[in-house]
Amino acid sequence: MNDQKLRVGVVGLGFAGRTALEAFSELPDVEVIALAGLEKDVLTSLGEKHGVPHLYEKWEDLLETPGLEAVSIGTPTQLHAPIALKALEKGLHVLSEKPLARTVAEGTAMVEASKKAGRVLKVVFNHRERGDVAALKHQIDEGQLGRIYYAKAHWMRRNGIPGMGGWFTNRELSGGGPLIDLGVHILDMALHLMGEPQVTTVSADTFAELGPRGKGSRDPNANTLGSAFEVEDLATAYLRLKGGGALQLETSWATFRAPGDNFGIELFGTDGGAKIEVQNYTSDDTLRIFTDVGGVPAEVKPATGAGLGHRAVVAEFVRIVTSGEWEGQNGSEALLRTEIIDACYASAKAGREVVLNDQDN
């Protein structure tokens, strides 16, 4: 594979698909040879812009493209598993938008298919590729915070319900609301920074107070009253970690709060603390590290760049595939996130704490 360009197909013409297409097209060792999506005009224009020779309305047809080696999935969540399973069966490598799948059952099938096929399955967790997250991860790995025993992560919107009445707010199509959409990002960010601790129990609540009344849409001009809204618009969860630590998650699409689309994380360690606060996707002045200097409380504000986000994920996927180092690259880490999200929904539905299966087994 090192003697030729990696031949990739991209499924999906929305934000995720377009972002992946742009990222793949920028890499010199990749050739995007196929693109699939239902919007004919968009499909044609994107195909022309990026010189993609094979254009399809159906993803099934894209998977039959001669010479195809890898596929990028940027579709609504209900299609992640069907496309990935068929692609892996055909011996293709798969890069999927988050979350891995709607349910643990779907995610497990994808991971097992990756193992059986001996092909790469990677999920897009682009926020861990932010400059502030990467800088903080370096500080943590250097021992600057000591042992992290508690963390709080959030993603909160004032008016941010995406596609009111569309697939995002349909439980069958999406798998859930902001918990599975935004919460999986901050969950991944937190576990990544904390060194992948094992979650032992979750206690969660979900609420649907604004969406069902037509409030909280991202588009203020949309006539949303009476639109179908089958998921939560706010979720909160408390996760206990093996070894005694804890992680609190809070995420919403719509709440009566200060305007904006804000996310971040706060970490509390034995030797220091840290906070990332991102308002409306900014990358400037977002990281704070708290420590003592000579016994006096001190606050450090490291300079961080924006990071490469999706582009870093796509480049890493290509690097892994072309290197041939496929062992263990089967989506197992993403499946752990799906298991935790599933447990949160189960806890909220039952109104009690849920114990996760022992991940050591």
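Helices (H or I, at least four residues) and strands (E, at least two) are DSSP runs, numbered from the N terminus. This is a predicted model, in which local features need pLDDT of at least 70 and side-chain atom pairs count only at pLDDT 80 or more, while totals for chains, interfaces and linings use all residues. Residues are numbered from 1 along each chain as its sequence is written, and side-chain values use heavy atoms, with hydrogens and water left out.

Select strand β6 (residues 121–124), where K122 is found. With a relative accessibility of 21%, K122 counts as partly exposed, a class lying between buried (under 20% relative accessible area) and exposed (over 50%), with a 1.4 Å probe and protein chains only. Leaving aside neighbours within four places in sequence, K122 is in contact (heavy atoms within 4.5 Å) with V94, L95, S96, V313, E316 and F317.

Next, select helix α9 (residues 183–193) together with helix α11 (residues 332–350), whose axes come within 10 Å and cross at roughly 120°; axes are lines fitted to C-alpha atoms, for helices over the stretch in contact, and angles run from 0 to 180 degrees between N-to-C directions. To see what meets here, show G183, V184, L187, D188, L191 and H192 in α9 against R337, I340 and I341 in α11.

Finally, colour the largest nonpolar core, which has 49 residues, V202, L239, L267 and I340 being those with the most contacts inside it; such a core is a set of buried Ala, Val, Leu, Ile, Met, Phe, Trp, Tyr and Cys residues joined through side-chain atoms within 4.5 Å. The element that gives the most to this core is α9, with six residues.
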